[in-house]
Amino acid sequence: MEEADRNFRSLLMGLPSVDELLKSAEGRGWLSLYPRRYVLQAIRESLEALRREIRKGGQPPCDPASISAGIEALIKKYVAPSLSNVINATGVVLHTNLGRAPLSRAALEKVILIAKGYSNLEYDLAEGGRGKRHAHLRRLLTGITGAQDATVVNNNAAAVMLALSTLARGRQVIVSRGELVEIGGSFRIPDVMAQSGAVLMEVGTTNKTHLRDYERAIGPDTALILKVHQSNYRITGFTSEVPIEELVALGAKHRLPVMYDLGSGCLFDLRTHGIGAEPVVSEVVQTGVDLVTFSGDKLLGGPQAGIAAGKTEVIGRMNENPLARALRIDKMTLAALEATFFAYADPEKAACEIPVLRMLLEKPEAIRGRAERLVSAIKAAEDVSVAVAGDSSEAGGGSLPGVRLPTFAVSIRSARLTPNAIEEGLRTGTPPVIARIKEDALLLDARTIADDEVPAVAARLGELLA
Ligand SMILES: *Cc1c(COP(=O)(O)O)cnc(C)c1O
């Protein structure tokens, strides 16, 4: 007892002071590299952790080298940026948690150009007076979608909110029960509806809604007929939904506007490449619908934004709504969006230049080639099996639900490490590599790994599996 107590005291007494650490060679080194407040914070927290451990009866390593190493690790943790690049080896092209669409080179260059100096963001150069920020994209957007007018806000949730607030505040909006979607937790049609001040009028059933259901619901308080794309799910079996054409005809008969929340909104015809059955936005606009809304960073492959395209009168009223100011996009987004839309003027160019399209359209053989290059670059121990395996990837991000894209992945099995352990090792390393587990193997889908990321992924795996 006595012995233990003495030992405990001598351990505590032996710890250096904050001041001693600051004045040590290491301390001076840290101060020359890192902000003083982080150095101080790391020293205090390291010493506190050691004292806690000693008081609990533990015997933490208290030699100067171990103490310095602990402090340095903490400082590095404090100064590391929170937002950082990761390598997406999940094969999910539009991974919402990983930032959805990577931008094209043209979009990045335009962001740098516009952000580094002044711009004509809200300045009419011809008139020499105040201009409008949404005017910059009007010509490109109407050209590509065929709509009379268009405007852009912060994201598609904002576009839906602004549309509902403008067209249906305090009045009823008719929506099918099969389309009351939730997109990733925070966007639920009924909640957005409530926030916008519109009143939800549900019609039909989960699996079947008929035109007569909509027609019966129309009354003096009806302001809008809304169709919502079933972005991230499919209702299969005994089902029916009403095509937008029929809703447009119904709206015309009752003099009601019709809106279609397309969610992803496709500008490039993926059907011509055998992918999915998504109509392009211009086809939807041609039905005569009053308004369509879609995201900038889903299949479009641009920055986070919400695009509303439709009749002149509707877009004009949306731009006048005071909410528009709160939901407006910033100049960097506008810059990236303009460059992204510009690429769509030539669809073949868009398919090569926009990373999302390039990844969706890449031929399985090309993906296999990248997977094979990754396999040859990995230096793993004898008891690790590393092989190329066929699998399927998905578009993700509430786009092309149910569409499986044939792909190739690097499949890893280790006798010593569980797939979960390898997954965690990759995820928490530098750079973080996000992979998935299928059955008893770790899979790295080569579809979403860029060519220039192959060496980094191989190096990380080498460290873990050697
Ligand atoms: C994704 C999606 C939204 C939300 O779009 P964000 O750009 O993520 O705000 C809204 N409606 C539908 C149908 C969607 O698929």
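Trainee: Which is Tyr-38, buried, partly exposed or exposed?
Mentor: Tyr-38 has 25% relative accessibility, so it counts as partly exposed. Buried means under 20% relative accessible area, exposed over 50% and partly exposed in between, with a 1.4 Å probe and protein chains only. This is a predicted model, where local features need pLDDT of at least 70 and side-chain atom pairs count only at pLDDT 80 or more, while totals for chains, interfaces and linings use all residues. Residues are numbered from 1 along each chain as its sequence is written, and side-chain values use heavy atoms, without hydrogens and water.

Trainee: And Tyr-78, buried or exposed?
Mentor: Tyr-78 is buried, at a relative accessible area of 18%.

Trainee: How many aromatic pairs are there?
Mentor: The count is 1 aromatic pair, taking Phe, Tyr and Trp rings (six-membered ring for Trp) with centres within 6.5 Å. The ring centres of Tyr-38 and Tyr-78 are 6.2 Å apart and the planes are at 35°, so the pair is tilted; under 30 degrees would be stacked, over 60 edge-to-face. Tyr-38 belongs to helix 4 (residues 36–55) and Tyr-78 to helix 5 (residues 64–79), so the pair ties together parts 40 residues apart in sequence. Helices here are DSSP runs of H or I, at least four residues, numbered from the N terminus.

Trainee: Which ring does the charged end of Lys-208 sit over?
Mentor: The ring of Phe-238, at 3.8 Å from its centre. Lys-227 lies over the face of Tyr-260, 5.8 Å from the ring centre. The rule asks for NZ of Lys or CZ of Arg within 6 Å of the ring centre and within 35 degrees of the ring normal.

Trainee: Switching topic, how is the chain divided?
Mentor: Into domain 1 (2–79), domain 2 (87–95 + 360–465) and domain 3 (105–353), with bounds from an automatic or database assignment. The C-alpha centres of domain 1 and domain 3 are 56 Å apart.

Trainee: Which residues touch the most other members of the largest nonpolar core?
Mentor: Leu-270, Val-292 and Phe-341, out of 59 residues. A core is a set of buried Ala, Val, Leu, Ile, Met, Phe, Trp, Tyr and Cys residues joined through side-chain atoms within 4.5 Å. Helix 17 (residues 355–361) gives the largest share of this core, 5 residues.

Trainee: Where does this core lie?
Mentor: Domain 2 and domain 3 both give residues to this core, so it lies between them.

Conventions: Helices (H or I, at least four residues) and strands (E, at least two) are DSSP runs, numbered from the N terminus.
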